[in-house]
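Thanks for coming. Please have the sequence and the model open while I talk.

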Amino acid sequence: MARSTQPNMHSFWLFFPAASLWAATVVPLSIYAALSGYGWPPGLIGAGHGHELIFGFALALIAGYTLGPQPRRALVLLFGLWLAGRLAWLLAPETLFAQLLSPAFALLLAWHVVPRFQAAKKWRNKIAGPLILVLCLMALIYFLTQAGLPLPDTRRLLQTTILGLLLLMTFMGGRIIAPAVAGTLEKRGIPLEARVQPHIEGALLVVLPIAMTLMLFSATEQLAGLLLVSASTLVVIRIARWKLWHCSNRPDLLVLALGYLWLAIGSAFAGTHLLAGRPVLPALHLIVVGALGTLSGSVMLRLAWQRARRTFPPAWQVIAIAILVAAATISRYLAGATPYSQPELLWFSSGCWALTFAGVAGQVMALYPLTHKPGTARHSHRK
């Protein structure tokens with residue numbers, strides 16, 4: 001029997017559209033589940049949509065970005081596990097089968113991805129692997145909490161996991177933006193000495209994990225708030241030193257930087273909410289909606305356009321992401337800690353969010369066939 005010569009498929013062509021469509025579906029469905037009176041779908045009642053945005057949407061993004069080219073059999077297994085987990089949670093979240101699928105996908109993803117980052121010599125370059133491992137393990141801890149183990153409640157676990165996403169986006173976003181800005185400025189004859197900014201990056205890699213740990217316990221959450229405000233200041237300093245005002249000809253970079261700025265805004269608001277003893281959930285949406293929405297949408301389009309056309313995304317596409325996600329973020333924050341008392345704001349926020357990711361999914365799927373046209377170059381995966 002002849003061995004298959006079919007080339008590996010890049011993971012993001014599969015996971016990015018799926019993640020985007022899931023994000024566009026889950027948020028409006030969760031509002032419908034809460035406001036319709038039918039309680040359907042059951043998996044999105046209460047904190048269910050948070051579970052799916054983190055362990056469904058965000059982990060699929062991580063898979064698409066970090067797995068690189070994979071044999072189709074491996075991708076089918078991973079994607080099938082992810083999809084089965086999403087559907088099972090949506091329809092029957094109380095079953096053991098549904099509760100096991102998300103941690104199973106997360107652990108298999110970690111097994112594939114984490115070893116890739118261990119070849120680096122500097123500790124800061126190795127940190128991406130442990131960060132991804134922690135996020136994947138949070139899916140397992142969430143299951144163990146539901147199984148009755150004496151762990152922090154699921155609400156606090158989700159909040160802590162959001163800080164884990166904040167940390168991962170702070171690290172990986174900086175590694176994407178800094179070299180891109182430096183290359184753009186070099187073409188214009190403008191030197192950029194402050195690129196990765198290792199001292200600031202290192203400080204963030206110390207401050208934010210401590211904040212995550214403190215966030216697990218109500219007695220220490222005010223200390224976590226203080227650290228989050230400090231982290232916000234560091235992120236703002238880092239952005240200012242990138243000299244982004246010289247990148248007016250690169251709206252794609254400016255929108256990426258806006259997503260990075262949402263990290264600072266979300267961290268500052270979450271920190272001040274914790275310090276003031278106010279509910280932190282509205283502020284955490286500044287991270288999940290504003291930062292994750294802007295950065296993920298921008299990165300997905302950027303990778304797809306570079307692979308298919310060797311160019312940057314059109315300005316109108318990235319600007320649309322920036323505007324729609326900002327509208328979704330601000331309206332969700334204004335809805336406050338009791339959002340269902342203001343359904344108009346919720347529906348507006350979910351509509352902007354759904355339109356953003358439906359558009360991203362459609363664009364990525366439209367670009368995929370172009371990678372198979374004669375003359376289209378294949379590029380290796382960039383970390």
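This is a predicted model: local features need pLDDT of at least 70, side-chain atom pairs count only at pLDDT 80 or more; totals for chains, interfaces and linings use all residues.

Residues are numbered from 1 along each chain as its sequence is written, and side-chain values use heavy atoms, with hydrogens and water left out.

A nonpolar core here is a set of buried Ala, Val, Leu, Ile, Met, Phe, Trp, Tyr and Cys residues joined through side-chain atoms within 4.5 Å; buried means under 20% relative accessible area with a 1.4 Å probe, protein chains only. The largest such core has 129 residues, and Phe15, Phe57, Phe105, Val181, Trp242 and Trp353 touch the most other members. Helix 7, residues 154-187, gives the largest share of this core, 18 residues. Helices are DSSP runs of H or I, at least four residues, numbered from the N terminus.

Contact means heavy atoms within 4.5 Å. Leaving out residues up to four places away in sequence, Trp353 touches Ala23, Ala24, Val27, Leu53, Phe57, Val288, Val289, Gly293 and Ala328.

Now the pocket.

On a 1 Å grid over the protein atoms alone, a pocket is an open set of points where a 1.4 Å probe fits, with protein on both sides within 12 Å along at least five of seven lines; lining residues have an atom within 4 Å of a point. Of the 28 residues lining the second largest pocket, His49, Gly50, Leu281, His285 and Arg332 are the closest to its centre. Helix 11 gives the most to this lining, five residues.

Last, His51 is in helix 2 and is buried, at 2% relative accessible area. Its contacts include Arg86, Trp89 and Tyr142.

Note on methods: Buried means under 20% relative accessible area, exposed over 50%, partly exposed in between (1.4 Å probe, protein chains only). Helices (H or I, at least four residues) and strands (E, at least two) are DSSP runs, numbered from the N terminus.
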